Amino acid sequence: MSERSMSHVVTDAVKDFRGSVPECLAAGIVDMSTGMLLAVDTVDTHPTEVLDLLAAATFDIFQGRNVVMIEDVFNRRRGITSTSHYFQEILVNSQNLVHLFMRSATNSEIVAVVVCRRTVNIGMLFAQARLVMKRLDVGVA
């Protein structure tokens, strides 16, 4: 049996996020090493510029200059010499939406973005998104 390509893995993952996470309006996978959006599944069409900005914003949220400085300070104070990233999940509430950003546990260069209506049950959002993320982690390991 042949391995699935990375393209198939991320495409299936965004569809899985959209189908499994309650009130999910959009999902995407960002490659942090390139800053590119690898896959997206959304209920609406969005201009390419908006999707490119999503990928750039995701990079800034997890690996922007100030975030990296915070990680370095935390690691130094704790005596950690690892280069692993400190922040793994970030939840952002906007006026009408909830945005969940999740770093892959097996490949720190992969971040999933899940966008839901503001009315979503946050506990269910995390529970369902983490289940999908575990399946994605198996594919990107």
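Author: Let us begin with Asp16, which has a relative accessible area of 24% and is called partly exposed.

Reader: Why does Asp16, at 24% relative accessibility, count as partly exposed?

Author: Buried means under 20% relative accessible area, exposed means over 50%, and partly exposed covers what lies in between, with a 1.4 Å probe and protein chains only. The 24% of Asp16 falls in between, so the residue is partly exposed. Please note that this is a predicted model, in which local features need pLDDT of at least 70 and side-chain atom pairs count only at pLDDT 80 or more, while totals for chains, interfaces and linings use all residues. Residues are numbered from 1 along each chain as its sequence is written, and side-chain values use heavy atoms, with hydrogens and water left out.

Reader: How many salt bridges does the structure hold?

Author: The structure holds three. One of them joins Arg18 to Asp41, with 3.8 Å between the closest N and O atoms. This pair links distant parts of the chain, since Arg18 is in helix 1 and Asp41 is in strand 2, 23 residues apart. Arg18 has a relative accessible area of 23% and is partly exposed; Asp41, with 22%, is partly exposed.

Reader: Why is it said that Arg130 and Glu89 tie parts of the chain together?

Author: The side chains of Arg130 and Glu89 meet in a salt bridge at 2.7 Å, N to O. Arg130 lies in helix 4 and Glu89 in strand 3, so parts that are 41 residues apart in sequence are tied together. Arg130, with a relative accessible area of 41%, is partly exposed, and Glu89, with 31%, is partly exposed.

Reader: Why is Ser104 called buried?

Author: Ser104 has 2% relative accessibility, so it counts as buried. The residue is found in the loop between strand 4 and strand 5. Contact means heavy atoms within 4.5 Å, and Ser104 touches Ile110, Met133, Asp137 and Val140, not counting residues up to four places away in sequence.

Reader: Which backbone atom does the side chain of Ser104 reach?

Author: The side chain of Ser104 reaches the backbone nitrogen of Asn107 at 3.0 Å.

Reader: What makes a set of residues a nonpolar core?

Author: A nonpolar core is a set of buried Ala, Val, Leu, Ile, Met, Phe, Trp, Tyr and Cys residues joined through side-chain atoms within 4.5 Å. The largest such core has 25 residues, of which Phe17, Val21, Ile29, Val114, Leu125 and Leu136 touch the most other members. Helix 1 (6–20), strand 1 (24–31), strand 4 (97–103), strand 5 (110–117) and helix 4 (122–140) each supply at least two residues of this core. Helix 4 gives the most, with seven residues. A second, separate core of 10 residues includes Ala55, Phe62, Val111 and Val113. In soluble globular proteins, nonpolar side chains tend to be buried together.

Reader: How do you know that Ile90 is buried?

Author: The relative accessible area of Ile90 is 17%, so the residue is buried. Ile90 is found in strand 3 (residues 89–93). Leaving aside neighbours within four places in sequence, Ile90 is in contact with Ile61, Phe62, His99, Leu100 and Phe101.

Reader: Which residues make the nonpolar surface patch?

Author: Met6, Met36 and Leu38 make this patch of about 260 Å². Patches are made of residues with over 30% relative accessible area and no salt bridge, like charges being joined within 9 Å and nonpolar side chains (Val, Leu, Ile, Met, Phe, Trp, Tyr) within 5 Å. Accessible areas come from the Shrake-Rupley method with a 1.4 Å probe, and for residues only the protein chains shown count as cover. Leu38 has 34%, so its value is over 30%. Leu38 lies in strand 2 (residues 36–42).

Technical notes:
Salt bridge = Lys/Arg side-chain N within 4 Å of Asp/Glu carboxyl O. Helix = DSSP H or I, 4+ residues; strand = E, 2+ residues; numbered from the N terminus. Polar contact = N/O pair within 3.5 Å; in protein donor to acceptor, adjacent residues only side chain to side chain.
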